[in-house]
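Here is a short briefing on a two-chain model. Please look over the sequence and structure before reading on.

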Amino acid sequence: MTCSRKSRRDVLKAASAVALFPLPAIAQGRGPRVVVIGGGFAGATAARFLKRVDAKIDVTLVSDNATFIACPFSNHVVAGLRDMEAQRFGYGKVAADGVTLAFSAAQAVDTDKRSVRLADGKALPYDRLILAPGIDIDWKGLRGYDEKAAAVMPHAWKAGEQTLLLRRQLEAMEDGGKVVMSSPATLVRCPTAIYERASLIAYYLKTKKPRSKLLILDAKDTFSQRRNFQNAWKELYPTQLEWISLSQGGNVSSVEVSTRTFVTDFDNFDADVANVIPPQKAGAIAQAAGVADRTGWCPVEPISFESQLVPGIHVIGDAAMTGAMPKAAFAANAQAKVCAVAVAALLRGGKPAEPRLINTCYSFVAPDYGISFAEVFKPGNGMLVDVEGAGGSSATDAPPETRRLEAQYAEGWFKAIITEVFG
Amino acid sequence: MTARALINVPRKAKRGDVIEIKTLISHVMESGFRTGTNGKTIPRDIITSFACTYNGEEIFATQFYPAVAANPFVTFYTIATDNGTLAFTWIGDNGFEVTQEAKIVVE
């Protein structure tokens with residue numbers, strides 16, 4: 001074996017090239033740093049899985065609050081079927097996995113210096129950043145609906161005080177009152193939950209205030225699991241619940257807060273209790289970091305969930321634009337695992353493998369009546385597409401026993417995902 | 001086939017006011033270009049024309065073609081001239097015809 005001077009020079013060149021690149025950081029003698037912003041199903045999962053994949057990675061999880069309030073099952077809270085306490089979870093087990101916690105709002109991202117600035121003034125440098133900020137309400141999306149309006153006509157689409165406000169309004173309403181919900185045409189978090197909420201509110205009315213009515217004003221003509229929902233509504237809530245679709249004039253163009261009125265192109269609907277499901281967009285930090293596009297959501301590569309707009313930043317969960325995959329807790333959890341493995345590979349200088357992702361959504365139409373659908377996704381055409389023939393949904397003619405079992409499975413699903421993310 | 005049309009005409013207007021009129025009719029608008037599961041072309045079933053008369057005089061008319069989506073929503077403006085009746089007529093394939101009326105009071 002010969003060792004010419006030329007090859008020695010090449011070795012030196014290669015070494016200096018490594019030093020010029022910020023990555024992989026392992027070469028610099030410390031673990032690579034990953035900052036995860038957002039402590040929900042996506043963010044908390046990603047933080048824990050990063051540590052699991054490679055314990056040397058220095059992971060910091062940034063969350064606005066020290067307590068997480070879960071959206072799945074919050075419709076039960078609205079309908080008085082569940083305590084809010086059952087929705088609250090802490091980050092103790094996340095910290096025990098070696099994740100550093102920062103309870104502060106992320107305010108800005110310096111993509112050149114690769115650093116996150118927090119509301120408390122702290123700066124967090126990163127080698128890779130994972131954004132999982134969830135949704136923000138698009139306060140410009142529906143005429144007449146702003147933050148003040150939400151105190152009168154709650155959205156309850158981010159679990160917390162809004163959830164309890166809607167519950168209190170339902171409790172305070174007299175028997176014979178009218179509840180009106182509106183549903184937008186645009187992308188929302190957990191779209192099936194709109195119809196689950198309508199079902200559980202109808203259940204509340206049927207059992208507690210039987211002379212009352214619920215109206216859904218919908219900007220769409222169809223939705224996931226529509227036949228299952230409509231069959232159940234006909235059977236369980238024939239007088240309580242009415243769905244007005246787009247082609248029946250259901251598109252709400254503005255709201256009038258002082259009278260709790262929904263204005264459509266053809267009519268005005270006054271409500272005693274008004275629940276507006278407003279247009280939504282990716283959480284504020286996504287806009288601040290420049291990873292959201294004109295749609296308000298964040299386009300990502302389907303293999304690593306790296307932003308198509310800003311390199312080094314990955315976006316997962318509700319904020320990400322993922323093609324066929326819905327904005328749901330289980331989807332967020334699945335994306336987080338794929339993203340964590342991909343980020344660990346990229347930090348090692350490797351290449352992420354092509355993933356398959358699963359999502360399952362359970363919905364309740366009554367406390368003992370569950371329905372579900374499951375889907376499998378793979379990368380395709382620069383986004384995630386359905387794997388044909390995989391997945392499925394509850395049969396439209398399933399017997400009551402199956403519905404009862406599915407309600408139990410839904411509770412099992414929630415326990416399992418909570419245990420994995422926070423337990 | 002019974003189709004439900006939604007019509008929004010102001011109940012009252014001042015003479016000379018520009019008023020907005022909105023209409024929406026439920027209809028599949030099958031383009032005639034799609035193939036069914038049996039391999040055969042699904043026959044065209046669309047609304048082909050829509051017209052509005054104000055006290056018998058035509059004030060708005062339009063034609064529809066296969067690219068128009070289901071449940072056509074049409075909105076237009078006119079001038080409130082007199083008390084009376086606005087009549088809306090949709091005509092389409094397979095003998096489809098629906099006429100609905102709305103009254104307006106002009107002061």
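The notes below cover conventions, a helix, the cores, a sheet and the chain contacts.

This is a predicted model: local features need pLDDT of at least 70, side-chain atom pairs count only at pLDDT 80 or more, and totals for chains, interfaces and linings use all residues. Residues are numbered from 1 along each chain as its sequence is written, while chains are lettered from A and ligands numbered from 1 in the order in which they are written.

**Helix H2 of chain A**
- Helices (H or I, at least four residues) and strands (E, at least two) are DSSP runs, numbered from the N terminus.
- Helix H2 (residues 41-53) of chain A has 13 residues, which should span 18 Å at 1.5 Å a residue, and its end C-alpha atoms are 18 Å apart, in agreement. The expected span is 1.5 Å times one less than the number of residues.
- H2(A) is mostly covered, with 10 of its 13 residues buried. Buried means that 20 or more other C-beta atoms, placed from the backbone, lie within 10 Å of the residue's own.
- Among these buried residues are A:Phe41, A:Ala46, A:Arg48 and A:Leu50.
- The buried residues of H2(A) pack against elements of chain A including strand S1 (33-37), helix H9 (329-347) and helix H10 (400-422).

**Nonpolar cores**
- A nonpolar core is a set of buried Ala, Val, Leu, Ile, Met, Phe, Trp, Tyr and Cys residues joined through C-beta atoms within 7 Å.
- The largest has 123 residues; A:Val36, A:Ala46 and A:Cys298 are among those that touch the most other members.
- H9(A) gives the most to this core, with 14 residues.
- Domain 1 (23-134 + 283-396 + 398-422) and domain 2 (149-279) of chain A both contribute, so this core lies between them. The domain bounds come from an automatic or database domain assignment.
- Apart from it lies another core of eight residues, including B:Cys52 and B:Ile104.

**Sheet in chain B**
- Five strands form an open sheet in the order S2-S8-S7-S4-S5, with mixed pairing. Strands pair if DSSP finds at least two bridges between them.
- Strand S2 (12-13) and strand S5 (57-63) of chain B are the edges, each pairing on one side only.
- S2(B) runs parallel to strand S8 (residues 97-106) of chain B, over two bridges.
- B:Lys12 has B:Val105 in S8(B) as its bridge partner.

**Contacts between the chains**
- Six residues of chain B are in contact with five of chain A. Contact means C-beta atoms, placed from the backbone, within 7 Å.
- Strand S1 (5-8) and strand S3 (18-25) of chain B each supply at least two residues of the chain B side.

Conventions: Buried ≥ 20, exposed ≤ 12 C-beta atoms within 10 Å, placed from the backbone. Contact = placed C-beta atoms within 7 Å.
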